[in-house]
Amino acid sequence: MTALLTLTVLVLVAIAIWQMTKIFELSQLRTEHAEIANDNDNKNNGYLMFAFLVFIYGITIFSFAKYSKVLLPEAASAHGGEYDQLMWVSFAIIFFVQFITQALLHYFAYKYRGEKGKKALFFADNDRLEFIWTIIPVIVLAGLILWGLYTWSNIMDVNDEDDPIVIELYAQQFNWTARYAGSDNVLGDANVRLIDIDRANVLGLDESDPNGEDDVIVKELHLPVGRKVNFKMRSQDVLHSAYMPHFRAQMNCVPGMITQFSFTPTITTEEMRLNPDIVDKVKRTNAIRAENGAEPWEFDYVLLCNKICGKSHYNMQMRIVVETEEEFNTWMAEQKTFKASMAPAE
Ligand SMILES: [Cu+2]
């Protein structure tokens, strides 16, 4: 009974509100606030257009000022400069065009706002105008695309010139393993079917291939500065992506095939730690860590996974150390070869 009464009251209240709204609407019909825009409304909308223009310029400047510090520091690879230049020129063109067209769009929306007795000027076509606004984007885009293709083919050219070190990057859920080709600089054959965890053959190297005997398997990537590296990527399970942001390098790791990427590191870890952008980033990060009672952090290059490959994807990383040739040779001399690290067959 109470429920029925409540429902009836609610329905009656709803009807009352509806009726009141109708009365309100009717009373408004003959006043200034009709639903058809008058000159005053149009003028206000024109000013609002201007306000919106100021807002988007403001938020652009604010974002640059506040968030530029999260951008990557100077590229630490030979091809990285070329890559960054292409990106910054593209950015500059986009911002220039955006700056001009937004201003024009909002200014004209204000200038040609509705006004009693004013009629819009209209013409069906203008060959010269159409030619100009077609040819300019065609030239700019063709230039960018050609430059992009040239940069792409330069960066993606993996070859054996300049005596590169050959290193395999092996991806699996959720960690990385690196394999150096050893003194012969040739990687031994490998296949996931040959993985033998009991004998510590974690990458499935083929024991019958002599090229694999001197291979060196490690959990931390060391690179000598100034020496070209040819990376060969493999994946054990799902799609991963080897991402080395400081070197402007990324390549998918695909189960069943070997993908490649090549670059020359140009800045050692020690040198990069002195880079003003890195010093600033470390300072900011450590201030936050101190608040949370965590240990201070020191900058290191890093290899990340850039494909959402599963629940621990976010933490799939490996430290990269770029060092001098002597430091690299010392480190390498301490590592065990595949043959020496294998447990004997039973
Ligand atoms: Cu992954």
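Two strands are taken to pair if DSSP finds at least two bridges between them, and helices (H or I, at least four residues) and strands (E, at least two) are DSSP runs numbered from the N terminus. The model is predicted, so local features need pLDDT of at least 70 and side-chain atom pairs count only at pLDDT 80 or more, while totals for chains, interfaces and linings use all residues. Residues are numbered from 1 along each chain as its sequence is written.

**View 1. The open sheet β4-β10-β9-β6-β7.** Five strands with mixed pairing make up this open sheet, in the order β4-β10-β9-β6-β7. Because β4 (221–224) and β7 (249–253) stand at the edges with a single partner strand each, one side of each is left without a neighbour in the sheet. Neighbouring strands are turned against each other by 20° on average, direction ignored, where axes are lines fitted to C-alpha atoms (for helices over the stretch in contact) and angles run from 0 to 180 degrees between N-to-C directions. Strand β6 (residues 240–244) pairs with β7 in the antiparallel sense over five bridges, and methionine 244 has alanine 249 of β7 as its bridge partner.

**View 2. Helix α7 across two strands.** Helix α7 (residues 325–333) lies across β4 and β10 (317–323), and runs at about 140° to β4.

**View 3. The open sheet β3-β2-β1-β5-β8.** This open sheet also has mixed pairing, and its five strands follow the order β3-β2-β1-β5-β8. Its edge strands are β3 (216–218) and β8 (259–263), each of which pairs on one side only. Strand β5 (residues 229–235) runs antiparallel to β8 and is joined to β8 by five bridges, with phenylalanine 261 of β8 as the bridge partner of phenylalanine 231.

**View 4. Helix α6 and the glycine that follows.** Glycine 293, with a positive phi near 70°, follows α6.

**View 5. Spans annotated as transmembrane in the record.** An unreviewed UniProt entry lists residues 6–24, 45–65, 85–110 and 131–150 under "transmembrane region", and such annotations may be inferred rather than shown by experiment. Residues 45–65 are 100% helix and 0% strand, with end C-alpha atoms 30 Å apart. Residues 85–110 are likewise 100% helix and 0% strand, and their end C-alpha atoms lie 38 Å apart. The unreviewed entry also places "domain: Cytochrome oxidase subunit II transmembrane region profile" at residues 64–159, a span that is 68% helix and 0% strand and whose end C-alpha atoms lie 39 Å apart.

**View 6. The chain as the setting for the close-ups.** The chain has eight helices and ten strands. Its radius of gyration, taken over C-alpha atoms, is 32 Å, well over the 20 Å that the globule rule gives for 346 residues, so the chain is more spread out than a compact globule; the rule is 2.2 Å times the number of residues to the power 0.38. Along the principal axes, the C-alpha atoms fill a box of roughly 100 × 75 × 40 Å, and buried residues make up 17% of the 346 residues.

Key. Contact = placed C-beta atoms within 7 Å. Buried ≥ 20, exposed ≤ 12 C-beta atoms within 10 Å, placed from the backbone.
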